[in-house]
Amino acid sequence: MHFLHALPAYVFFTGKGGVGKTSLACATAVKLADSGQRVLLVSTDPASNIGQVFGQTIGNHIVAIDTVPGLAALEIDPQAAAQDYRDRIVGPARGVLPEAEVRSMEEQLSGACTTEIAAFDEFTALLTDASLLHDYDHIVFDTAPTGHTIRLLQLPGAWSGFLDSGQGDASCLGPLAGLDKQRSRYHAAVAALTDPARTRLVLVARAQQATLREVARTRQELAALGMRQPQLVINGVLPQAACDGDPLAEAVWRREQAALAAMPAELASLPQDSVPLLPVNLVGVDALRQLLAASPAGGTAAAANLELPPLPQLGGLVDELAANGHGLIMLMGKGGVGKTTMAAAIAVQLAARGHAVHLTTSDPAGQLDASLQGSLPTLAISRIDPQAATEQYRAQVMASKGKQLDEQGRAMLAEDLRSPCTEEIAVFQAFSRVIRESGRKFVVLDTAPTGHTLLLLDATGAYHREVVRQMGERLHFTTPMMQLQDPAQTRALIVTLAETTPVLEAAGLQDDLRRAGIEPWGWIINNCLAQARPTAPLLRQRAASELPLIARVQQQYSQHLAVVPLQQQEPTGVAALLALGQPATAP
């Protein structure tokens, strides 16, 4: 493995949720410890399960791993860190500022940016603690901060004063309040991150076009910040030898090879490793040692006899949605889980049942639009260009909020408008124009903003609150936010995958939505092997490992569930999208 060669003291694994960062970080830590190195494994992942991986409680303090001599671990709890961070910043304002302003401060500090910066606050202590390098040869981190977070921490200036003057209330400046006292420590931490002699950054991806595009964007962001020598690991690649004559496995293998062949140039030039897909969950030291072994184990012949039970179909979920006759159906979830495809499938299946449907999507590729336009007489399609909508929104904010700011203030506001929240707000504004149609037809909305962004719109976005203030009791009115909160008008669906991290992230999204007053109506588990009924032993073993996660979703998270099988071909066009609602063909 190239990424293991001549490792410096610090090793960071970064990538989208569900690509296997935690597994690779744990396996790397075990391999280094097995070679006689003293290793500290640190997780800042909100969905961290390294305690489960090693079969012992770890938590927010350094503990030795019983089964691996020379290895110790620490789990930084980002949610607890974020709460401590909020308390330090908001606490002094309680009883001093009006309650409404305190609530607004709390909301600004409730999103993903705060959690990430709070976690960064915790592990900068590790990056800048010279004594740790006397105790350990390597410190392995899962996971690194995003380029956006590092860029924010690099900016100069009096963030607190900018916020106190009421100029920085757009999206992500809130988390930076009060950071000036620690700016020298952050500067040292960023210097360590950007020094290849001290830090190796490992970008983790899957052999999928969308994931590779996302990693390419991350690589560009980090290169602009001085982190120019990352390494790339393609995780979970299906070996051709494991296809075993299974048409599904062969189709997956061809799709992965095509994605790798079309890899963005900025990734293709990096030192690169490929880690094969394993048939087992990576729990326990033996499984971790297999991950980076020269010849990992394949599926067993006995796996062909594993029983895969019947699972709820997408068609049944659409039948329940259709019973209302009209309404807003909002698809939500992390990137890479297939929200756009699920939105199109639901729209097509409703239209095929004779209902009037407007599908509106921010799919940047626009592939679904081309394959569906004019296909069904009751289906209308619109597409929003996220980049154009975001640029228009940024220009609008800079022209209004930025008008009275000095050069430094405008630079800070411009940086804030580069946050992940900005695109969600801009696209949601564009979506809001078609939401009102759902009183007489189905409107299927892809992609919806996160719960934090919705709360931010409600807390600082003056539309909903201003309408309430102006209209009072005099007239009946409905704002987009009110419609999203009304279960009689809106059905929110969370899309995820049958993998540990995506399910935990989806559960976190559900909690965010509930804080925003939106109760998710159902969940969709997409690209499910168990529903696809594979015959290849390796895939059947992996299919069996999905069943406990599916059961958890049914028992803990949602009464309405659909499980959509992994497809041999990408589902584009009416026939393929209709087929997603049908039972999988038995082998």
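## Ground rules

This is a predicted model, where local features need pLDDT of at least 70, side-chain atom pairs count only at pLDDT 80 or more, and totals for chains, interfaces and linings use all residues. Numbering runs from 1 along each chain as its sequence is written, and side-chain values use heavy atoms, with hydrogens and water left out.

## Aromatic pairs

Rings of Phe, Tyr and Trp (its six-membered ring) pair if their centres lie within 6.5 Å; planes under 30 degrees apart count as stacked, over 60 as edge-to-face and the rest as tilted. That rule gives four aromatic pairs. One is Phe 12 with Phe 141, stacked because the ring centres are 4.3 Å apart and the planes sit at 5°. Phe 12 belongs to strand 1 (residues 10–14) and Phe 141 to strand 5 (residues 138–142), so the pair ties together parts 129 residues apart in sequence. Strands here are DSSP runs of E, at least two residues, and helices are runs of H or I, at least four, numbered from the N terminus.

Phe 12 is buried at 0% relative accessibility, and Phe 141 is buried at 0% too. (Buried means under 20% relative accessible area, exposed over 50%, partly exposed in between, with a 1.4 Å probe and protein chains only.) Ring pairs also bring Tyr 10 into a cluster with Phe 12 and Phe 141.

## A partly exposed aspartate

Asp 84 is found in helix 3 (residues 78–90). With 43% relative accessibility, Asp 84 counts as partly exposed.
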